[in-house]
Amino acid sequence: MGGHLEALGHLSGFWPLFYIFLGTALGIIFGAIPGLTGAMLIALSLPLTFYMDTINALVMLISMYVGAISGGLITATLFRMPGTPASVMTTFDGYPMARAGNPGRALGLGIGASFFAGIVSWIFLVLLTEPLSDIAVRFGPFEYFTLVLMALVLIASVSKGEFLVGLLSGFLGMLVAMPGYDQSTGGLRLTFGFHELDAGLSLLPVLIGVFAVSQIIADIVEIDRKAERIDVRGQRALMSLRDLGRQFINLVRSSLIGTWVGILPGIGAVIGSVLAYSTAKNLSKTPEKFGTGFEDGIVASEAANNATVGGALVPLIALGIPGSVIDAILLGALIIHSLQPGPMLFVSNPDLVYAMMMAFLIANIFMFLVMTGAVKYIAMMMYAPKTYLLPIILLFCIVGAFALNNRMFDVVVVLSFGVIGYAMERSGIPLGPFVIGLVLAPIAETALRSGLMASDGSFWPLVTRPISCTFLVVSILLFLWPFLREFLDRRKAGATIEEP
Amino acid sequence: MASRSFLAFRIGFGAVLMIVAAFAYFEAGKAVPPTSYEPLGPAAVPQGLAVLILILSAIMVARAAREYGRVKSATRGGDAPAYQPRYDLAAIAAALTVIYVLLFGLHIMSFRWATVLFLTALCMLLNRFRPRQIPISLAVAVAFGFGIHYLFTRVFVVGLP
């Protein structure tokens with residue numbers, strides 16, 4: 001606990017608090033505006049943090065994460081357009097409640113639920129991370145390889161769209177990470193004769209392209225899309241103590257679901273909020289009220305999606321494995337700041353680790369204060385014309401990529417991956433597994449090759465080492481599960497048709 | 001059921017992925033061969049990934065092609081989108097972006113003026129050249145063109161063309 005208190009003391013200074021506030025506010029704004037995402041904001045901010053102190057940079061990025069997940073509630077409630085994918089379930093009950101004349105109440109319930117869940121997941125973050133990293137220090141190369149394999153299969157199995165398409169996306173991401181110098185032999189591979197590829201594709205331009213530029217393209221294509229707007233002026237957005245008492249069980253349950261979903265590597269806030277919403281509905285005495293502006297629906301969805309943020313930070317800090325797509329970008333931030341992600345981070349940079357955990361707590365407090373006090377002003381930002389916002393954001397993408405290494409090739413990479421990212425989304429190929437594969441491929445390949453060197457080419461340790469074997473079995477089960485489920489569904493459909 | 005345009009896009013993109021995977025397989029094979037102390041070598045993983053991508057892309061294309069034949073043409077009515085997708089705007093925006101990058105990348109124009117021109121053109125394009133928006137577009141372009149240049153060259157001390 002000493003480390004946490006020390007970190008709290010450090011973060012109480014003007015600049016850390018300023019960056020946490022700035023990150024949270026920007027995250028809320030970006031999360032609230034449809035067409036702009038938290039991933040986009042964090043990817044865009046990465047080049048700017050290059051020139052900042054490492055702790056300030058990371059606490060700002062984590063605050064952006066917290067703000068972005070929370071900000072999606074505003075447009076989900078007032079516009080029926082989720083500001084972030086994680087707020088999709090909130091539209092089911094938030095918008096009907098707002099339409100019925102209670103937008104302030106809908107927002108108050110969502111903000112309160114987000115804050116409560118943030119605190120719950122912070123507790124788990126503090127309690128679990130250090131013990132998990134102590135276990136992970138004992139991981140060998142085979143354990144790391146099978147852990148990465150499990151993360152990839154897991155995210156493919158829950159990503160929207162078909163399972164095989166999710167796997168395809170993951171493998172594509174891994175292939176994109178391959179060009180450049182081979183770490184073992186020093187030889188070049190997959191450079192196609194281009195010297196610019198000798199150092200491989202820089203992570204940041206690829207991330208900016210895939211998340212920011214592809215979104216800009218999608219927004220330009222949908223520029224004529226209009227949404228009905230609900231006015232929230234003159235209404236208070238605060239959860240009462242009575243609501244807190246009534247919703248306590250729902251809050252705790254949804255927070256726990258979100259936290260545990262967040263901890264599982266590769267899954268994200270969307271799945272957390274879907275699971276929590278479905279569970280709340282199934283356990284409710286009045287399930288028919290869900291989808292009509294029911295309080296329980298808003299609370300379940302918003303509590304779970306915020307809880308995934310703290311949960312996802314657990315594997316990121318303890319294992320160096322991203323718990324979600326945004327965590328994959330945060331992993332990139334650690335690498336860009338010359339830090340080695342993984343369990344040794346506790347040993348090499350304990351002050352940074354504790355600062356990240358405490359920043360998450362402070363960001364949640366700022367999120368609550370900003371959203372409660374300024375929600376009506378933030379809602380007005382929805383009227384900011386995209387016709388000016390999009391060109392400015394595109395400009396930041398181009399300059400940010402160029403500023404990284406001062407070379408035009410990175411700008412070409414940003415624009416190319418913007419088109420590739422848009423084409424992938426248009427084809428129904430999810431971007432989440434792509435980014436996870438991109439970030440984890442070097443870890444997986446290095447782990448496998450060094451493990452095989454140590455075992456003299458034998459693959460048996462994958463099976464004979466208990467932790468590695470467990471991860472491998474889980475990976476195989478997760479791989480087979482979608483096919484088994486499809487087989488069972490077909491049998492059930494066939495049996496239903498046969499019944500008289 | 002997926003629309004025809006979605007399936008056509010998927011078939012096209014899947015075909016491109018198959019070609020890229022095939023190229024990647026052969027290119028990866030040119031890497032340094034494995035040494036005696038390392039059984040796998042630098043080519044194994046990229047080649048393995050290329051094969052997996054080829055197989056999965058082929059399955060995706062085959063499934064999309066099979067479904068394409070079953071999908072009826074889209075009809076007018078309740079399922080039509082409420083807005084018209086503007087692929088033309090996106091294509092022109094992409095062309096403007098390429099011209100912009102070439103302008104300052106090839107040192108034909110300084111970053112500041114290339115940015116002012118680019119932002120003006122793109123803002124006016126997205127506003128459909130409405131006369132009232134032209135002064136605002138110009139103001140935004142000048143503010144951000146010069147502002148970004150100042151931010152990066154004086155605050156972050158990063159050289160810009």
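Helix 7 (141-158), strand 1 (180-181), helix 9 (203-221), helix 14 (325-336), helix 17 (386-405) and helix 19 (431-454) of chain A each supply at least two residues to the lining of the second largest pocket. The model is predicted. Of those elements, helix 19 of chain A gives the most, with ten residues. The space in this pocket comes to about 1,300 Å³. Its lining counts 48 residues, and closest to the centre are Gln183(A), Ile335(A), Val439(A), Pro442(A) and Ile443(A). By class, the lining of the second largest pocket splits into 32 nonpolar, eleven polar and five charged residues.

Now turn to where the chains meet. The size of an interface is often given as the accessible area lost when the parts come together. Between chain B and chain A, that buried area is about 5,600 Å². Carbon and sulfur atoms give 79% of it. On the side of chain B, Leu56(B), Tyr83(B) and Leu126(B) lose the most area to chain A. Together they make up 11% of what that side buries. In terms of contacts, 62 residues of chain B meet 59 residues of chain A.

What polar links cross this interface? The rule finds ten residue pairs in polar contact between chain B and chain A, with both residues at pLDDT 80 or more. It also finds two salt bridges across the interface. In one salt bridge, the side chain of Asp224(A) meets that of Arg128(B), at 2.7 Å from N to O.

Which helices of chain B supply at least two residues each to the side that touches chain A? They are helix 1 (4-28), helix 2, helix 3 (87-105), helix 4 (111-126) and helix 5 (133-155). By class, this side of chain B has 45 nonpolar, eleven polar and six charged residues.

Rolling a probe the size of a water molecule over the atoms shows where empty space is left. How many cavities of 30 Å³ or more does the rule count? The count is one. About 50 Å³ of space lies in the largest cavity.

Both chains line this cavity. From chain A come Glu162(A), Leu164(A) and Val165(A). From chain B come Arg10(B), Leu56(B), Ile59(B), Met60(B) and Arg63(B). Two helices each supply at least two lining residues: helix 8 (163-176) of chain A and helix 2 (44-70) of chain B. Helix 2 of chain B has the largest share, four residues. The cavity lining holds five nonpolar, no polar and three charged residues.

Key: Residues numbered from 1 in each chain as written. Chains lettered and ligands numbered in written order. Predicted model: local features only at pLDDT ≥ 70, side-chain atom pairs only at ≥ 80, totals over all residues. Heavy atoms only, no water. 1 Å grid on protein atoms, 1.4 Å probe; cavity = no way out; pocket = protein on both sides within 12 Å on 5 of 7 lines; lining within 4 Å. Points joined across faces, edges and corners; volume = space filled by probe spheres on them. Nonpolar A, V, L, I, M, F, W, Y, C, P; charged D, E, K, R; others polar. Contact = heavy atoms within 4.5 Å. Buried area = accessible area lost by both parts, 1.4 Å probe. Salt bridge = Lys/Arg side-chain N within 4 Å of Asp/Glu carboxyl O. Polar contact = N/O pair within 3.5 Å; in protein donor to acceptor, adjacent residues only side chain to side chain.
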